[in-house]
Every structure is written in C-alpha cells, then in structure tokens.
Amino acid sequence: MEDGIQHLGHCVVDMKELSANPEGLSAAGVILTPKVRQLEFSLACNDLVAPGRDRKPNALVQVAVIDPQKQHLVFHVCTEIVEANKDPLFLTGVTFPSEYPESPETIVKLSVYDAKNKSQESSSFLGSATFSVGDLLRAKDERLTLSLRSSDGVCAAGTVVVSRLKMGEMEEENVDHIGTNTPSQKCPLVCESAHHSCSGREDHPLTGPVYRNPVCKVYRFQTADSKWMLVREQMEECTLSFSIPKQLLSLYIQEDKSRLQDLKELGELSPHWDNLRKEVMTQYGGIISSYQETLAELNKVTGSFKPSCCKAQKSLEFIPINLHTQRMTVTCPKKADAFYDIITVGAPASHFQGFKCGGLQRLLSRYESEKKSFSTAYQCIYYSPEHTAKAQEVLSTVSLLQPLITSLADQLLQAAQEHSSPGMRDALKSLSDKTEQFVHTLKDELVKSALLALHAARPGYVSKSQKQTTVQSHHHHQHHHQDQTGQGGDQNQSPVQGLPGHSPASPVTESPVVCNNVEASEREAGPVSLKHQDSIPHHKEYDEEEWDREWASVAKCLNCVIAMVDKLQEGDNSKQEPTPELHLADVITSHNPGDWKELLCPLVSRLKECVMEVVEKAKRAMTFVLLQEAACSTPQGFLLQQRRDVVFSQALAALACGFVMKLYAGLQDKDFLRQLHLVGLVAQFESLLSTYSEEIGMLEDMEVGISDLQNVVFKVTEAKTGELSELQPSVWGRRDHFTVEVPLPQVVFQTLPEEIKEGKPLRVFPVLFNVGINEQQTIAERFGDISLQERINQKNFEMLEAYYKILSEKVPLECLPCFQTQTDIKELLETLGQNVVTKKRKNVEILWIAGTICRRLNGIRFTSCKSAKDRTSMSVTLEQCALLRDEHQLSKDFFVRALDCMRSRLTQGDTGQWEDLEAGAMTENKPVSRHFYPIALLLVSSHLLVVWLILSLVFLLAKYQ
C-alpha cells in the first residue's frame, strides 16, 4: 500500500497543508487550481471488437489521469474483468480522493484491454479515449459516450460510456424509475441517498490526526428489486501504528528505570542477595538500553505503516503488521446510508524472536512450572504469578495514592484556613476515602510476609532457632571458662551480646550462625559493618506485629483528623478524652480556638508523615518480592518479558485504532455512548491462524497479547487547543495497567454524557476466536493437535457470554443497533456455544456467528492472519458481500461478481500486472503451477499422498535440470 500511495502522490494535495502554507507548496512546485466537487463515475462499453472475430473480449478499463500543468501521466485505477461480453457493464467505478486537486482542465485517459484469459501474462489493447473533467460536468445528464481509438488511430474499437455518480441530487419521484434494462445492460446515472452524499472519512474533521493515506474503491451493485446500490470501500493507514508503540517504549523505559532505583534503595543486603540484586540490575540495564535503541530507530521513521515484509525486523518489532482500517459505506435508494467498519492487522506476535520453542502461552506455562526449581537453585523464595501481580498492584496503588492523600490533606488545611465548613467536609470525605483505600491495600498478608523476608535478607540476620543454639553455645562456653579460671562471670549478661555485630571483640567465626542459608558467603564476608538505612531493625528477632501497628497508626491519625474537624465544625472547644498517641484536648487548649488551620496542622502533618513512613516500607517489601521474582527468572524471564512487551504493543496499537474509529463514528449516538460508559465495548479478534508449525507459536503469542488488553482502559479528554497534534491519543501507566486518553475538540467534548466528561474509565472486553482455514490446518486436523484452538474458543465464548449478561442487565437491548436479520442475540450465543464444542473440521461458523454477535453488540471487529494479507482479505470481502446480501438485498446474481470485484487485485498497476497493496510491490500475473494438487484432496488417502510426493519430486527435478 505504501508504494501505491506514493504512486498517487503526484496528484494528491493535502488541503490542510494548502491552507496553512500556500507559499511553501508553490515553492515545491504545486500549482493551485480551482477545485470541483468530489468526482466519481462509472464505466460501461458497447460494441467492443476483439482481435479474434470468433470470440467475445474479456474487457477491462485502465484509468489514468493527465496533470494539466505538468502533462504527467499518473495511473489511477483499473476496473474488474468482465468475461466474454462485448457490451460489458463494469461494477467497479472510479473515485478521486477529496484531496485530489481535480479541475475542469484535468484530462482522464481510458484504455480498454482484452485480457483473453485471467492466467495469461499479457493482454491485447483494444482502444482508448480521453475526456476532461469539464467535458463530463458540462455534458447532458453528466454522461459521455466516447469512441475508442485503436492503436493505429483508424479503426473503431467500440464506445465507452462515462456516467457521473451523483448522490442526493435528484428528486425523489424520479428515483423509482431508475432501474436496469437487462438486455442492453443500461445503468442508472444516479445513486440517490435518503440523506446526503456518501462521503468518506476524509471529510470528517476528527480523522486528520489518526488516519491517513486513504485508498478508496467504489462499486455499483444491483439489488433484489432491480435497483442499484452504491458501495464504497475506504482503507486507511493509522498513525497509532507508530505513536502508541513509541509511547509504550518510553513508559517501559521509565518503569524499568524506576525499578532500578527501587532496587538501589532497598538498603544493605547480605552478600548472597546483593549479588542477585546486581545480576538483576544488569538485566534491567540491558533491557533499558535495548528499548532506548529501538525507540531511537522508530523516531527516525516518518511513515505510519509496517508492511508484512518487515515483520521480523528488530527495529520494528513493536509495530503492528499491516494495520489498516476499512469502512464499507452503502447507499441505497430511499434508505439511510449504512457503514461497516473492520480493522485488519497481522497477528500480534514476536517474529523477531521466532517460534522455535513456541509462543508466549507455552513459554510462560513452562517457565512457571520450572520457576520453583530455579528458586531452589538461586535460594530464593518462590512467589506465584498472583503474588507477583499483587506486589506490582500494591506498588502502583501506593505510588498513586500517596500524592493524592498529600494533596487532599493540603486542601483540607486550605479550607480550614478559609473557615469553610463545606470545603472541609468535601476535602475530608475524599481524604477519608483515599486513606481507607490506602490502608486496605497495606493490610495484605503479602506485605507482612515480604517485610519478614526482607528482614531475613539483611546482613547478620539470626533466625529464632539459630539464636537459641547460639545462646546455649555461649553459656556453655562461659561455664567452661569459669571452671578453668575459677572466676565467676557476669550472670546477667545479655545473650544478644554473643551475636555477631553486637560485640566488636567477638569475631564472626566464633559463632556457628549461618546467615541467609549461605554459609560460604558469610565466611568470606567477614565482619559486617552496619549501616541502618531503613527503619527495619537488624540483628534482632523481627516483630511480626510491628507492621500491623504501623498501618493501623495511619488509620488512627485519620481518626484524629476527623475528630478535630467534627470538633471545629460543632464549635465545641470543651476538653475531649485523649486519643491514643495524640491528645486532642492538649492540642485544642494550647492554640487559639478560632484558628482552625493551626489546630489541624499538627494532626495533618502527623498523618502525612505516617503515610510516608508506611509507603517507604511497603515499597521496599514489594520491591524485594519483585527482586526474588526477577532473580529466579534470570535470564529467561527477562526474554519473556521483552516478548510480552512486543506482543502487547502490537495488540494495543490495533485496539486503540479500533476504539478511536468506533468512538468517532458514535459521537452522536446517545445509546452507544450510554453503553460505552455503563458497561464498555467488546473487541472481537477474529484469527485465521492454523494450529500447525510456526503459526502455533503466533497463536500462542496472540492469545496472551489479547488477554493482556484486559488491563487497558480508555478515557475521553478535552483537547487543550484546536491543533490537530493535540488530538493524538496518548498512553500512560505501568505494565499491569495502562490508560489510553483520547482527546476531542471542545465543541465535541461538551456534547458527551457527564460520566464520560468527568473522566470515567471506559472498559474494553477483548475476546479471541480462531479457526484455521488454510491447507496447513488440514494437516493439523488430520495428523496434528487442535486443542489450543478449541481451548481458546471455549474460554473466549464464556467471556463473551459474561459480557452479554452484564450488558443486558445495565443497558436496554433496544439501545443496540438494528439489523435486517432479527435473530435474537441469546439464540446466536447458544448457537455459538454449540459450534464451539462441536468436533467439526474448519468450522468457520464459529467466526461467522462471533462476528455477527459483535456487530449486534456494537463491538469493534478485528480480523487477523499471519500477515493480514490473503486470508484476511478473503475473510473481509466475504463478510462484506454477506452483509450486502443480508442487510441490503444484494441480488443473488450479483453476489459472485461483487465478491470478484472486491477481491480483484487489478486496482492499480499496469496491464497484466497487479499491485500487492500490502507488500508494496508489483507482481506479475503469472499462471500458478498446476502440478501441486490441493493437499486437502490428497489427504483422503495416504497412497495418493505418496504418489503426489513422488510426482512433485519428478516435476521439480525435470524443471531445474
């Protein structure tokens, strides 16, 4: 697509740039010309003469544009091939993007070819004709009939009919007379819409900063009642392909640097743990360096699209493959316009790391099963994935709540200074809510156990059992010494003095204590110099109740603040009973009763100090949990984390693209906005990967990446200015929770529901359904294992069913979109559930029903395969034709032709060639080798398979000799 867009770049002008800097464009060689309305026209031919008189031509028309200023020929589009017809009616029309500076003087050249046979490399030229845009606009009924001139310029080769497609410009009473005359294949001049012109997204003021490089195709298809519908496909690239991954990389770097700093601030550790910490910090440093290099490379890229040929390129591994948005807009007589959106993207997977050992799902499962043995080898404490996730959650929560509590406490003091009772009441309520949430987070048993583990990792730690053994040995040594010298010792000597670190005269080697279960490390370490860098006591038995008292002190301080506020608001300065640790009566009587701020300030300061102290301990404890997790996973765990980051980046870019597209389309739909903030949207990913060879690993990557999207929420914000750059979505957060902010212009933002304007997080429910459809899947189903596909479909069906249950409870089903096929959603879910458990080969019904349910639920549709090319395009075009048949009464006779038109690659390029939009290369239309018979037929018999292998080998040997 990239090359195709550049090919059109000779005749495309961005009107936003034009208005912003006309002098710069003129200096660049662009000459401003009068601009007419968007031009679309259809084509038909009459009385074509084929070179061979005994056959009818297989006609196609190539459309080229001649720049009137430069006289430069630019190829634009090609129609489909109409076989064996001398009067062909082409269903593929011609459209110019709205940015194209067509003027009345613009010349259009039409060249008609006889393709003879689709598999042949060359086509015969029949004739050509030229006309100007002004000629078409001035013609009667805006219709031209042009004679085709042969190559010698003498012989008549027939005529070509050019009819401008106009929408909404004809009186309604005339629409009923528009039809088709089958014998002569006359076509209508007008495709009338009940509303307005079927304009593309390029006219939408919001799409500029997110979508670019549109490629548009227009068709006309006959309906069942012999009328004509106009169908426009518009495919665009999305700037989020690069902007989201670059923001994620910055966040990854920031998070890992923060983790490094937390490890440094962990305090003094025993030699064993200190060595592990150094190893982990080295690994983090390597990841940060790698991500910084990748980010620097991405900043050099100016495009917005990653072709499939670059899927294994390291510098682009975070970028989604072949990400496009596609909108099909349908205009039918006397009916409202309808549009259907879909996002196509290559399966999120780490192609650079490869799939030799499988994908993320298998690697993570194997890693978790082996981590216990790793923890034993590295002498770490094993923490489950749930514990690790909890530690990350605690870190994230306390880091978020601490500044909030401080800010709210300052607001309370400000309200007290102003003697504002309502202000104090509001600030106190928010402060109480956030402090209670803070205390609830710290009450988790994981924090307490982690503090004990961290205490045990300090230098010179002595366990309770080891302490008793040391004390007994020390008393025995004292008794033996008294017997030898006949002198009594001090019978009241503290047994702690016999421990290393408390008696400078006692060398460490005299004690049999083994610190941190690493005897050799401690022997080599020698006497340890104590550096008390935190409040956790060293060299004494840890008080397990100390942590409970510390977080409880935060609650007590809050109670003191609440009591004081109540006291001030009541105006009662009488003596109160003292509260634990802080005596309110003393505080009140020692200050002027009228100065509320002075009375509150000591209590609020004490609250903030307690919060700060507790946060420091909690952060160190949770950092120690993550240190052990990282130590047990070196280096495999870090490679897995990098792989997961890559896959998630690709998945999030696609999801953000789909969410923005859905939001823009539904800004005026109150029912949609209600569903959005009450429940959220379902995002249905349709995968066509096989469960064979490398694609198993891709599917395993994709499963984890789509699942990780559950940690993402969206927020709609008001743009600071009207600049397009201010409308770019942004990402912030940590690996366990990301928020994507979508800014909207002020005028649009003010029309949204209050819940959305107040910043309510908007949820997305990602579900994944996979059905392999290629020949590799045939091998997998006959000889391999498809349990991965079955498990994914079953799991995600349950998630989709749960979403529908929540939706039906909170949103009336009347708010959902209406379709011609009124099958109940509950019935569709039951049918989907039956298909998921049915043992049926290549059961594409799963994908059909899941896609239907997604559209009925106002969801976001995604389609993926390995590279989002062949299989994806086949699926999307079939779905579009099915929608035209079911929702817009596409004639049965036109279904196959419509499918062929949409799938035709003869859209841009020279005759005998087509352009692979996704790969960005010109490919010759060569016949496919016929000796490789379809494997699906040969697998019926193992004998036929052997014969096929032998014959194929013989053909190959003969070919290359």
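Here is a short tour of a few features of this structure, from a strand and a helix to some aromatic rings and a surface patch.

This is a predicted model, where local features need pLDDT of at least 70 and side-chain atom pairs count only at pLDDT 80 or more, while totals for chains, interfaces and linings use all residues. Residues are numbered from 1 along each chain as its sequence is written, and side-chain values use heavy atoms, with hydrogens and water left out.

Let's start with strand β1, residues 40–46. Helices (H or I, at least four residues) and strands (E, at least two) are DSSP runs, numbered from the N terminus. Of the 7 residues in β1, 6 are buried, so the strand is largely enclosed by the rest of the structure. Buried here means under 20% relative accessible area, exposed means over 50%, and partly exposed is in between (1.4 Å probe, protein chains only).

Which strands does β1 pair with? Two strands pair if DSSP finds at least two bridges between them. With β4 (residues 94–95), β1 pairs in the antiparallel sense over 2 bridges, and Phe41 has Val94 of β4 as its bridge partner. With β8 (residues 156–164), the pairing is antiparallel over 6 bridges, and Cys45 has Val160 of β8 as its bridge partner.

Now for the rings. The whole structure holds 13 aromatic pairs. Rings of Phe, Tyr and Trp (its six-membered ring) pair if their centres lie within 6.5 Å; planes under 30 degrees apart count as stacked, over 60 as edge-to-face and the rest as tilted.

| Pair | Type | Centre to centre | Angle between planes |
|---|---|---|---|
| Tyr252 and Tyr291 | tilted | 5.9 Å | 45 degrees |
| Tyr252 and Phe738 | edge-to-face | 6.3 Å | 75 degrees |

Tyr252 sits in helix α5 (residues 240–264) and Phe738 in strand β16 (residues 737–744), so their pair ties together parts 486 residues apart in sequence. Both Tyr252 and Phe738 are buried. Ring pairs link Tyr252, Tyr291, Phe318, Phe648 and Phe738 into a cluster.

Finally, Val844 lies in the loop between α23 (825–837) and α24 (845–856). Val844 is partly exposed, at 33% relative accessible area.
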